[in-house]
Amino acid sequence: MELKEKLVSSFMAFEDRIDIDSPVHDIRSEAMKTFETDGFPGKKNEDWKYTSLKSVLKHDYSVFPKQENHIDYQQVKKYFIHDIDTYKIVFVDGKYSSYLSETTHEGIDVCLMSSALNKPKYRLIIENYFNKIAGKDSITSLNTAFSQEGAYIHIPKNKLVAKPIQIIHFATGNESALMLQPRNLIVVDENSHVQIVERHQSLTENPVLTNSVTEIYANKRAIVDYYKIQNDNEHASLIDNTFINQRQESFASLHTFSFGGKLTRNNLSFFQNGERVDSTLKGVTIIGGKQHVDHNTLVHHIEPNCESHQDYKGIFADSSTGVFNGKVLVNKEAQKTNAFQANNNILVSDKASINTKPQLEIFADDVKCSHGCTIGQLDETAMFYMRSRGIPEKEAKALLMFAFSNNVLSSVKIPEIKERITKIIAHKLGVNIGFDL
Amino acid sequence: MKYTEDDLREELKTKEYEYGFYTDIESDTFPAGLNEDVVRGISKKKEEPEWMTEWRLEAFRAWQEMEEPEWANVNYEKPDFQAISYYSAPNSKPKYDSLDEVDPELLETFKKLGISMDEQKMLAGVAMDVVIDSVSVATTFKKTLGEKGIIFMSISQAIKEHPELVRKYLGTVVPQKDNFYAALNSAVFSDGSFCYIPKGVKCPMELSTYFRINQAGTGQFERTLLIADEGSYVSYLEGCTAPSRDENQLHAAVVELIAMDDAEIKYSTVQNWYPGNSEGKGGVFNFVTKRGICEKNAKISWTQVETGSAVTWKYPSCILKGDNSVGEFYSIAVTNNYQQADTGTKMIHLGKNTKSTIISKGISAGKSQNSYRGLVQIAARAENARNFSQCDSLLMGNECGAHTFPYIEANNKTAIIEHEATTSKIGEDQIFYCNQRGIDTEKAIALIVNGFSKEVLNKLPMEFAVEAQKLLEISLEGSVG
């Protein structure tokens with residue numbers, strides 16, 4: 001059975017198990033209709049021109065895991081940022097794992113989507129925020145239709161969340177092939193500040209497909225600092241859809257570090273629904289093998305006096321392929337917008353390829369928008385300089401690549417994450433570098 | 001049942017009389033509509049050989065299967081292809097008897113462009129009394145070209161006189177089935193230019209459609225085929241700066257350039273078709289397919305200044321097939337009022353050490369939309385390919401839009417690609433600076449726009465550049481808010 005048909009029929013089974021009288025369910029059925037009509041995007045779809053889901057969709061994924069699977073903390077400790085105190089929301093095969101998690105309701109809500117959807121005290125938040133900015137494309141709709149579990153984070157007014165929040169999704173692979181559809185909702189109210197780290201990790205050689213949707217609302221003067229670490233094994237694929245709505249004077253930054261996974265597609269959309277908003281989108285991609293990473297970003301400048309900064313770096317080895325499709329849209333009303341976009345790529349191997357499409361669509365005249373995009377190699381004179389001073393080729397290359405990605409790394413605000421990323425990069429490049437950039 | 005060539009031949013035989021009828025009729029305009037008979041009719045009218053008729057029919061059949069493309073960032077009412085007459089013989093009768101009858105607005109523009117009296121008359125379709133001049137010029141030109149072995153004539157004439165060349169190269173760069181408009185053009189093209197530069201010849205003058213102006217109006221489906229044989233050089237100018245008040249709404253031209261080993265082609269265009277009035281009514285739809293192929297060490301350089309047309313859809317491209325070949329694209333696109341332009345280029349790097357440069361300047365004013373759409377593709381075997389692209393947009397007024405859609409596909413690690421784009425408006429401080437020094441705002445803007453487009457204007461042949469500069473000023477007149 002085709003995956004699409006399977007999902008459509010699973011939806012009926014899904015309906016038997018949930019409260020179909022809630023208003024959320026109307027949203028789900030509506031979304032299911034969209035998915036039924038549009039199906040999975042093909043190559044004809046301009047947004048998916050360079051990314052084919054064919055190889056990912058061929059597996060017979062089980063949509064609902066049959067049993068609860070336990071994993072031992074020691075076994076997965078390395079996937080946590082364990083050297084600092086954090087809140088943790090952990091899922092195993094899509095099910096909440098209470099013993100690995102550390103949630104809270106004290107002053108702030110760091111808990112579960114399922115309880116937010118069902119408990120009356122969250123009704124207002126769900127009504128106001130759930131699925132309000134998530135896209136209406138077929139992939140996001142598919143997630144919306146099955147939305148039930150994920151992280152729910154609500155930070156009320158004037159709170160500075162003392163420690164970072166980790167959201168981790170594990171896949172154990174006790175099923176032959178697993179499809180996960182986590183749905184996260186993050187609402188940060190006036191003057192509040194939060195740091196979040198998100199990670200998807202498969203612990204199996206069975207194929208895993210994750211179609212994740214995260215909605216983030218940064219209200220007036222809120223600060224949201226979000227990190228996505230994508231270092232999954234080569235059998236796992238991820239379609240990550242993240243939507244961020246920003247109110248006036250809010251500050252949101254999102255870093256994506258893509259090192260692993262078979263196919264990774266990041267759909268990232270920022271909507272600047274207020275004046276004097278600042279958005280930062282940064283990413284480092286270092287891949288090899290037959291990996292594929294696609295960054296599809298949108299920054300929609302709706303109100304005047306806003307800024308956006310995009311900086312994506314990519315290093316592609318072996319037969320890996322990379323895609324960058326960045327779009328900056330400036331509405332007529334969004335005067336005095338400053339939008340910057342940069343995409344730099346290095347191809348290390350003959351078989352690697354990169355397709356990039358940085359777009360600007362501008363309807364306002366008093367703006368400063370620019371984009372730059374380069375594809376090239378490591379500077380030979382710099383290589384020669386280091387080699388002549390006794391630095392081996394491998395280390396010299398690694399140094400240059402570190403320097404290349406440093407712009408992105410330097411704006412990471414949690415030192416432990418920076419350290420972790422540096423280690424992953426060093427490991428990825430096969431060198432042992434003991435310095436801090 | 002499958003329709004075979006034999007069937008067609010049979011049909012042609014039996015239907016001969018019918019076509020004879022077409023040739024016999026007095027009126028030189030075909031009734032509106034498009035079908036195989038019309039395509040055959042056009043071919044017949046132009047006394048083309050059978051292979052040409054076949055070629056057109058093949059294109060027509062392909063066209064019928066195709067759909068009008070919708071991906072471009074333009075909105076317009078789709079032309080009804082059955083409501084257009086696909087052939088009308090060039091009107092030899094002058095429209096006016098003297099310049100006094102011509103629209104004064106048009107004359108004013110001529111004056112600003114500094115076009116000579118005679119040329120003004122020619123362009124406005126006024127009966128010429130001093131034709132001798134231009135004829136003699138044309139003959140001298142022809143003599144010089146003839147001595148060098150350069151063939152430069154209308155494509156219909158070339159089909160008759162040099163069928164071997166046309167047959168060998170026509171459709172090799174832009175195949176009949178390339179796209180919707182190219183297929184339409186292949187089926188119904190009325191006329192165009194043909195140019196062949198023999199081996200090692202440097203064409204001594206700028207070839208231009210200018211001096212053919214009184215020979216034939218080329219009509220709405222123009223076809224140009226330019227072949228530069230090994231080691232030759234040619235600079236070709238197309239169009240003119242004078243506003244063309246053409247009645248045809250749809251223009252679908254095809255231009256094919258072939259640069260053989262070590263050859264160089266410089267192709268410059270100034271397009272100033274009627275853009276419609278200030279409310280966006282009327283105006284020409286300009287859907288053009290232009291493409292050139294470079295063999296070893298060859299170079300093709302496209303330079304264009306686009307100021308006219310209600311809707312422009314145009315991507316002059318280079319296929320850098322040979323090693324060490326070079327492709328260049330320099331463009332200025334100006335849109336004002338309700339004009340829409342979706343233009344750019346494609347650079348396909350196939351050979352080793354190929355280089356391409358793209359400089360695109362978009363200026364939008366009024367309520368217009370101006371898009372750059374480009375592709376830089378580095379094939380897996382294109383070692384050491386180099387590309388530099390720069391797309392700058394200038395916005396004037398808050399009701400226009402500027403868009404950039406660059407596609408970059410690199411499949412070789414030795415490729416070096418740089419792309420940069422900026423969007424900005426004319427700085428208030430810049431205008432203030434000019435005002436302070438006694439330059440009024442309108443002049444100041446002209447000055448700034450000229451500075452902005454200088455990189456491209458410099459690439460135009462001298463006399464064209466001067467006119468193009470003035471043209472920019474005129475196009476943006478009244479856009480200062």
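## Two loops with positive phi in chain A

Asn191(A) sits in the loop between strand S7 (183–188) and S8 of chain A. This is a predicted model. The phi of Asn191(A) is positive, about 60 degrees, although the residue is not a glycine. Is Asn191(A) buried or partly exposed? Asn191(A) has 18 C-beta neighbours inside 10 Å, so the residue counts as partly exposed.

Arg221(A) also has a positive phi, about 55 degrees, and is not a glycine. Arg221(A) lies in the loop between strand S9 (208–218) and S10 of chain A. With 20 other C-beta atoms within 10 Å, Arg221(A) is buried. The cut-off for buried is 20 or more, so Arg221(A) qualifies.

Strand S8 (residues 193–202) of chain A has ten residues, and eight of them are buried. The strand is therefore largely enclosed by the rest of the structure.

S8(A) pairs with strand S5 (residues 165–171) of chain A. The sense is parallel, and the pairing takes seven bridges. Here Phe170(A) stands opposite Gln201(A), which belongs to S8(A). S8(A) is also joined to strand S10 (residues 223–230) of chain A. These two strands run parallel, with seven bridges between them. In this pairing Glu198(A) has Lys228(A) of S10(A) as its bridge partner.

Helix H8 (residues 380–388) of chain A is hardly covered. How many of its nine residues are buried? The count is zero. After H8(A) comes Gly390(A), with a positive phi near 85 degrees.

Chain B holds 13 helices and 20 strands. The chain has 481 residues, of which 48% count as buried.

The largest nonpolar core has 222 residues. Which residues touch the most other members? They are Cys195(B), Ala228(B), Ala259(B) and Ile265(B). Leaving out residues up to four places away in sequence, Ile265(B) touches Leu226(B), Ala228(B), Val234(B), Tyr236(B), Leu257(B), Ala259(B), Gly292(B) and Ile300(B). In soluble globular proteins, nonpolar side chains tend to be buried together.

## Helix packing in chain B

Helix H4 (residues 50–65) of chain B packs against helix H10 (residues 180–188) of chain B. The angle is about 145 degrees, and the axes are 7 Å apart. The crossing of H4(B) and H10(B) is left-handed.

H4(B) brings Arg56(B), Ala59(B), Phe60(B), Ala62(B) and Trp63(B) to the contact. H10(B) meets them with Phe180(B), Ala183(B), Leu184(B), Ser186(B) and Ala187(B). By class, the residues of this contact are eight nonpolar, one polar and one charged.

## Where chain A meets chain B

The contact takes 31 residues from chain A and 29 residues from chain B. Which strands of chain B each supply at least two residues of the side that touches chain A? Strand S19 (401–410) and strand S20 (416–425) do. The side of chain B that touches chain A has twelve nonpolar, twelve polar and five charged residues.

Strand pairing crosses between the chains. Strand S19 (residues 353–362) of chain A is joined to S19(B) by six bridges. The two strands run antiparallel. Ile362(A) has Ala402(B) of S19(B) as its bridge partner.

Notes:
Residues numbered from 1 in each chain as written. Chains lettered and ligands numbered in written order. Predicted model: local features only at pLDDT ≥ 70, side-chain atom pairs only at ≥ 80, totals over all residues. Contact = placed C-beta atoms within 7 Å. Helix = DSSP H or I, 4+ residues; strand = E, 2+ residues; numbered from the N terminus. Nonpolar A, V, L, I, M, F, W, Y, C, P; charged D, E, K, R; others polar. Pairing = 2+ DSSP bridges. Core = buried A, V, L, I, M, F, W, Y, C linked by C-beta atoms within 7 Å. Buried ≥ 20, exposed ≤ 12 C-beta atoms within 10 Å, placed from the backbone. Axes fitted to C-alpha atoms, helices over the stretch in contact; angles between N-to-C directions. Left-handed = near helix turned anticlockwise from the far one by under 90°.
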